[in-house]
Amino acid sequence: MLRLNTSIKWLLFLLCIAPISAQGQGEQGSQKWRSLFDGKTMKNWKKTNYGGEGDVQVTKGQILMEFGYSMSGVTYTGKALPKTNYEIRVDAIKLDGNDFFCGMTFPVADSYCSFIVGGWGGAVVGLSSLDGLDASENETTRYMTFDNNKWYRVRVRVEPHQIRCWINRKLVVYQDIEGRTITTRNEVNLNQPLGFATWETQAALKNIQVRELKVKQPK
C-alpha cells in the first residue's frame, strides 16, 4: 500500500509539472529577441506624417512622442519583418493625455492590424480591425485602467491562426483569425508595416524588440 501511494504521488507530480515544462520548451524554441531601436537615434524609424502630428525625438533612451492634433507616431523603416510566427514587444508609458498611448500596427500575413492600448477616452484595449470592426466594436474589446508615468510591457504574438496580446504579462487578447478579414483603420495606414501611434496623448517608447517563432514541421 505504501508503494502504491508513493507511485500515485509521483504520477500526480509529473502531471502537474508537464504543462510548465511544455511552456518552457515553447519559449526556448523561439529565436532570440532582436532590438529594433538602438536607444540613441532614430535609425530605422521616422516620424509619421499624419498631418498635425507632434514632435518626435529620442531622449533618455526613449522615443518621445509629443501631443498631436490628433495623432503622433513613428514608423519602422528597417529591414523586412516577419509576417507571421513572430512576436513584437515594447515598453510604453503615458506621460499626459486621455487617449491611447500605444497603438501598435504590425504585419499579419498579407495584411496588417493594430493593437490599441488605452483608446476611446483612455480605457479601451483591443484589435483594429476585425471584419471592419475596430477595437471598440469587436470581440477583443475590453476595458482597463492605465496610470500616467507608469511603464507597461506590451507584447503581440502573430501566428497563422491567431493573434495574442499581453500587457504586463497579462493575456488580454486571444483571437482566432482564421477566415477573418484583418485590416487597419485609415488613420494608421501610414504606420505600416510596423509603427506606434498616440491620440492627443504624450507618450514614450523603449525596448522595441522582435523575435521569430520556430515552427515544428509535421512528421
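**Figure 1. Phe146 is buried, with a relative accessible area of 7%.** Buried means under 20% relative accessible area, exposed over 50%, and partly exposed in between (1.4 Å probe, protein chains only). The model shown is predicted: local features need pLDDT of at least 70, side-chain atom pairs count only at pLDDT 80 or more, and totals for chains, interfaces and linings use all residues. Residues are numbered from 1 along each chain as its sequence is written, and side-chain values use heavy atoms, with hydrogens and water left out.

**Figure 2. Aromatic pairs involve Phe146.** Across the whole structure, a search finds five aromatic pairs. Rings of Phe, Tyr and Trp (its six-membered ring) pair if their centres lie within 6.5 Å; planes under 30 degrees apart count as stacked, over 60 as edge-to-face and the rest as tilted. The ring centres of Phe101 and Phe146 are 5.4 Å apart and their planes lie at 70°, so this pair is edge-to-face. The pair links distant parts of the chain, 45 residues apart: Phe101 belongs to the loop between β6 (86-97) and β7 (102-108), and Phe146 to the loop between β10 (142-143) and β11 (151-159). Strands (E, at least two residues) and helices (H or I, at least four residues) are DSSP runs, numbered from the N terminus. Phe101 and Phe146 are buried. Phe146 also forms an edge-to-face pair with Tyr152, at 5.2 Å centre to centre and 80° between the planes. Tyr152 is buried, with a relative accessible area of 4%.

**Figure 3. Ring pairs link Trp45, Tyr76 and Phe196 into a cluster.**

**Figure 4. Arginine charges sit over tryptophan rings.** A charge sits over a ring if NZ of Lys or CZ of Arg is within 6 Å of the ring centre and within 35 degrees of the ring normal. The charged end of Arg89 lies 4.0 Å from the centre of the Trp33 ring. For Arg155, the charged end is 3.8 Å from the centre of the Trp166 ring.

**Figure 5. Ser72 is buried in strand β5 (residues 71-76).** The relative accessible area of Ser72 is 0%. Its side chain reaches the backbone oxygen of Glu66 at 2.8 Å.

How values were computed. A polar contact is a pair of N or O atoms within 3.5 Å; within protein, one must be able to donate a hydrogen and the other to accept it, and residues adjacent in sequence count only if both atoms are side-chain atoms.
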